[in-house]
Amino acid sequence: MNPMVVTDATFEAEVLKSQTPVLVDFWAAWCGPCRMVAPVVDAVAEEYGARLKVAKLNVDENQLTAAKYGIMSIPTLLLFKDGAEAKRLVGYMPKAQMKAQLDGLL
Amino acid sequence: MTQRMEAQARELGAAFDIRAVEACVLAGATKRLTAGGEEFQARSVIIASGAKARRLGVPGEDEFIGRGVSYCATCDGAFFRGKRVAVVGGGDAAVDEGLFLTRFAEVVVVHRRSELRAAGVLRERAFKEPRMRFKWDSVVTAIQGEAQVNGLSLKNVRTGETETLSVDGVFVYIGHTPNTAFLQGEIRLDDGGYVVTDDELHTSVPGVLAAGDCRRKMLRQVATAVGDGAVAAISAEKYLAGLTDRDGGKKGVPR
């Protein structure tokens, strides 16, 4: 499943009110490491299947949400469970490391 | 630009499989690399594992990564619009990235010496930039904050005096460490961990080449890295052609 795009307007409905945990990838076009981490996020999304929803939020176009969660470095991945932040991963990491961080939470 | 390079390589038949190498055996005709628990075999290997930003190693650094501590001004500068940030270091990268950050923020360069090591043209621009000032002879001893960074503990290396510098962020540019730990004992590395190569980018082991920032060299920039890539590719090709010549062209891909 391809990650869905979320915005300031859809964040509450798609992320905070989601029944399944959501991993949100905060990114921007000018950020090289964001482009490196994107395929890793895609691969992780595929492996977890229905257990995890994956979303991308462009921090350039959605500054309210980025500011609300104190994003000061990208890429940042936030895992939301029942509307609350359950995990924060900052910077590029390979798939095995990303999965190790998420496994216990899903 | 890198995306276009990748697309071109794919069109020419290159396959991409991004994994961290856990172990390798490079001596001998068949090179074996373990990555993601799977073994890969090759007759020639080009090492281009790069280098990563060196960390300060002070209290608060790990804790505040992504909450004010950054190693990438291009990525994170825009989050500090209208704020005050520190840049740690005095080399080209520190000054160049610091100047970039003045687009968004007021910048304080914290440097352990009393002059910049950066190139003359960068130094000139830095001294002319009204939004950039300098804390000389100073090292960071701790990064402070609550939810986010709010200051740095500094120590003057000459006088021993300590002070707190109020900042909303800190960008660290104190050099790099090569990503070569996995090569220890397999090929020759210098004291800094950089791969030692000859002019054609052969390492100490036949068939193993190195390119880019992981290699011992004078200038580590994109321009020299892509040059290395071209040289290493041709050297690998020559090496492979030499193998084929020696066995009369009978040798196939190792199983």
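Is Asp137(B) buried, exposed or partly exposed? Asp137(B) is partly exposed, because 16 other C-beta atoms lie within 10 Å. The cut-offs are these: 20 or more such atoms make a residue buried, 12 or fewer make it exposed, and partly exposed is in between, with C-beta atoms placed from the backbone.

Before going on, the ground rules. This is a predicted model, where local features need pLDDT of at least 70 and side-chain atom pairs count only at pLDDT 80 or more, while totals for chains, interfaces and linings use all residues. Residues are numbered from 1 along each chain as its sequence is written, and chains are lettered from A and ligands numbered from 1 in the order in which they are written.

Back to Asp137(B). Its phi is positive, about 55°, although Asp137(B) is not a glycine. Asp137(B) sits in the loop between strand S9 (132-135) and strand S10 (138-145) of chain B. Helices (H or I, at least four residues) and strands (E, at least two) are DSSP runs, numbered from the N terminus.

Asp82(A) has a positive phi near 50°, and it is not glycine either. Look for Asp82(A) in the loop between S4 and strand S5 (84-90) of chain A. Asp82(A) is exposed, with 10 other C-beta atoms within 10 Å.

One more backbone point. The peptide bond from Ile74(A) to Pro75(A) is cis, with omega near 0°. Pro75(A) is in the loop between helix H3 (63-68) and strand S4 (76-81) of chain A. Why mention these? Most residues other than glycine have a negative phi, and most peptide bonds are trans.

Now chain A as a whole. Chain A has 4 helices and 5 strands. Along the sequence the pattern is β-α-β-α-β-α-β-β-α. The radius of gyration of chain A is 12 Å, close to the 13 Å of the globule rule for 106 residues, so chain A is as compact as a globular protein of that length. That radius is taken over C-alpha atoms, and the rule is 2.2 Å times the number of residues to the power 0.38. Of the 106 residues of chain A, 33% count as buried.

Next, helix packing in chain A. The axes of helix H2 (residues 32-48) and helix H4 (residues 95-103) of chain A come within 10 Å and cross at roughly 50°. Axes are lines fitted to C-alpha atoms, for helices over the stretch in contact, and angles run from 0 to 180 degrees between N-to-C directions. H2(A) and H4(A) are therefore oblique to each other. Under 35 degrees counts as roughly parallel, over 145 as roughly antiparallel, 65 to 115 as roughly perpendicular, and the rest as oblique. Val40(A), Ala43(A) and Val44(A) of H2(A) make the contact with Lys95(A), Met98(A) and Lys99(A) of H4(A). Contact here puts the C-beta atoms of two residues, placed from the backbone, within 7 Å.

Chain B has a pair too. Helix H3 (residues 92-101) and helix H4 (residues 120-128) of chain B pack at about 40°, with axes 10 Å apart. That makes H3(B) oblique to H4(B).

Last, where the chains meet. The contact takes 17 residues from chain B and 14 residues from chain A. On the chain B side, the largest share, 3 residues, comes from helix H2 (residues 73-76) of chain B.
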